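Subject: Structure handover

Hello,

I am passing this structure on to you. Please open it and keep it in view while you read the notes below.

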Amino acid sequence: MSTFARIRRGSLSSAAPVIRHRCYSQVVSSLSPYIRLSPRVKEALDNGEPVVALESTIISHGMPYPQNVETARLVEGIIAKHGSTPATIALIDGKINVGLGEEELERLGKSGKLAIKTSRRDMAAVLSQRRLGATTVSGTMIAAHMAGIPIFATGGIGGVHRGAELTMDISADLTELGRTPVAVVCAGAKSILDLPKTLEYLETQGVPVVAYGDAAEFPAFFSPRSGLSAPWNLQTAKEVASLIRVNMDIGLQTGQVIAVPIPSEYAGASSEIEGAIETALCEAEQQGIKGKESTPFLLKRVVELTGGASLTANIALVKNNARVASQIAKSLAGMKSSGLRHSRLYTTVACRNASPSPQTQGSNKQDRVKVVHSERPLLVVGGAAIDVTSQVDSDIESPASQTTSYPGAVVTSIGGVGQNIARAAHFMGADTVLISAIGHDIYGDTIKAALEEIGMDTAFLQYPGESARTAVYNALHAQNGDLIVAVADMDINGMVSAQQIQEAFVKLSPGVVGLDGNISALAISTAVTMAAHMDCCVVFEPTSVPKCTSMLSALSFVKRSETFADVGHLVHIITPNRLELERMAEVALDLALVESAPLADTVEEIAEQHYALDTSLIRDALTLFPLFQIQIIKLGEKGAAVVSPSPKFPGRPIIRYIRPLKPSLVINSNGAGDSLVGALLAALHGKRVTAGADGYLELDPQDIDCIVNRAQKAAILSLESLLAVSDKLDPELIRSD
């Protein structure tokens, strides 16, 4: 048993509620089970009130006891006085505590350097070992972002250390600012650092640096002047709040440095302090003090050399930064989102309501898709690709042995399993959001434009890097539609970011989630864990025999983490074909996700009732039943088999055979299965299906079979189309009898 308490599906600890409204991002969000909110922070966030995060390293390592605790209380009081709720952050007993009580502040203050300075690198280790962790700027930004707090006040940020060209000593604060959207209100970077290089590094990370107040000069912690210009100068809290708001709205994942000069009455000692800093730097070099130990040593030595003047100035600037941060937070809380990407106001509705261009008016699929906006949308995470589908006019059995060309039809379309599923669900009326990775290339631009053309939300498409290629699937089909050979360049699908998946769950609060096997096991485990905490219905499309095991690897990882009491039915529905089912059953046994295969007598008994299903299929389905509540097994032209719990005895499976619908003409089999899954997801979304407290979907066998029969209609339309997903799909397909 882990040191962490196991968590039942669909619930979090009482200190970490499942769903919250965040005033700043105006979305419904879910908290990590490792976050523990204090009662007053929880109340403020729930009510949409301003909150300011505070670090704890300044308590443990920045000042001696009891001045550290006294200063912490003073700073919290200043934030409260100016209209915001303070949230000091520390890692205590395996939890990220957002908001500390008196006992916790005292414990942290008295522990001093025994507390571990905790940045991104250290968080998992400190939590797993249940150690006392004092958050740095980096660690506080991460925790604040997880809790939905966009503003953080501190003394000064870390930066590029002097001599970094030899030591490569660069603070993790700078890289965190480049990837975590939290505004850091500070007195600039500490003057013990190389300030010109620090500003250059922040520019490289794409971090806005704002000099706050009348001067456009970047402050140097103890001094209001550094001789360096800041890229931006804003003079009021409202202006800064507007910058933060727009940064959130347009979806930039960078923080901001709001550099506030030290109050003028404390700036007079800056010359004396600078001299002490130079002396301390020489002593640190002579004593070989480097890395994360250097800053605490230097600050302590400077206090000694200045007779306490630097400590007085340090406390003054921290209090001033807290005041400014509280004013900015209050102004930000009163602002409404402009409705751009990171607000759910930017949805497919906004796209669908846009006026079509003259070239597409009257013929665009966007004009006739009727999607009802939902507070809990359908989220699909999977692959997007360009499909190049070729079909010859005459029969060929072995194209590899031929050295000539054949007449035929070549169609280029937007494909990829996840994209196909999302497109089909969108055509069938579901408010659908797609998470997928595309490249900075013409194919990526094509996919994005095509999704926008049909009115889909593209705000959550990811760009992994400049060298990443958009996926391409190049397939050759015989005259009867059967696949002859294909080349798949799909590496980018494994680059879908787990962190961005988690952020999407927080921002969207989906009701139904569809996953395909193209994405990594880490990405899948993140999605499954987030979905369980939010009571989402989860559907997995295995994609192919090699990729179908990604879900099992993900569940094995979740099982080892012991976040849940068990991993059975974290994923509610799977949609494998016969070969994928067989492989998944085999790997589930190998990974000990299921205890054993069913008894032969049980398999034979069920097989006698279902002459259309072979015993190996029944055996594999029964093997997987403890893991997946519902299995919809695609049998191609033979129809489908459905496995689900008995309404009277949920632990007992019942198996049904679904007869196939026959297409009038098979043109392309490439996207038929994806269309079926998309229709299935749309139907589940339309029924607002979610998981109950026991993790089960409230669907009886008759409902399931009815949905599968209707989903077959979508597959038939795509079989009869040159496109992977037929543009004839319509919401009425899943609404009719």
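T71 is part of helix α3, which covers residues 67-81. The model is a predicted one. T71 counts as buried because its relative accessibility is 6%, and buried means under 20%. Apart from neighbours within four places in sequence, the residues in contact with T71 are M63 and I315.

Four strands form an open sheet in the order β16-β15-β18-β19, and the pairing is mixed. At its edges are β16 (408-415) and β19 (483-489), each of which pairs on one side only. Direction ignored, neighbouring strands of this sheet are turned against each other by 15° on average.

Strand β15 (residues 385-392) and β16 run antiparallel and are joined by eight bridges. To find this part in the viewer, go to Q391, which stands opposite A409 in β16.

Two helices can be described along with the sheet:

- Helix α15 (residues 417-427) packs on the sheet, where it touches β15 and β16. The direction of α15 makes about 80° with that of β16.
- Helix α16 (residues 442-453) also packs on the sheet, and it touches β15, β16 and β18 (471-477). Here the angle is given against β15: the direction of α16 makes about 95° with that of β15.

Regards

Note on methods:
Residues numbered from 1 in each chain as written. Predicted model: local features only at pLDDT ≥ 70, side-chain atom pairs only at ≥ 80, totals over all residues. Heavy atoms only, no water. Buried < 20%, exposed > 50% of the residue type's maximum accessible area, 1.4 Å probe, protein only. Contact = heavy atoms within 4.5 Å. Pairing = 2+ DSSP bridges. Axes fitted to C-alpha atoms, helices over the stretch in contact; angles between N-to-C directions.
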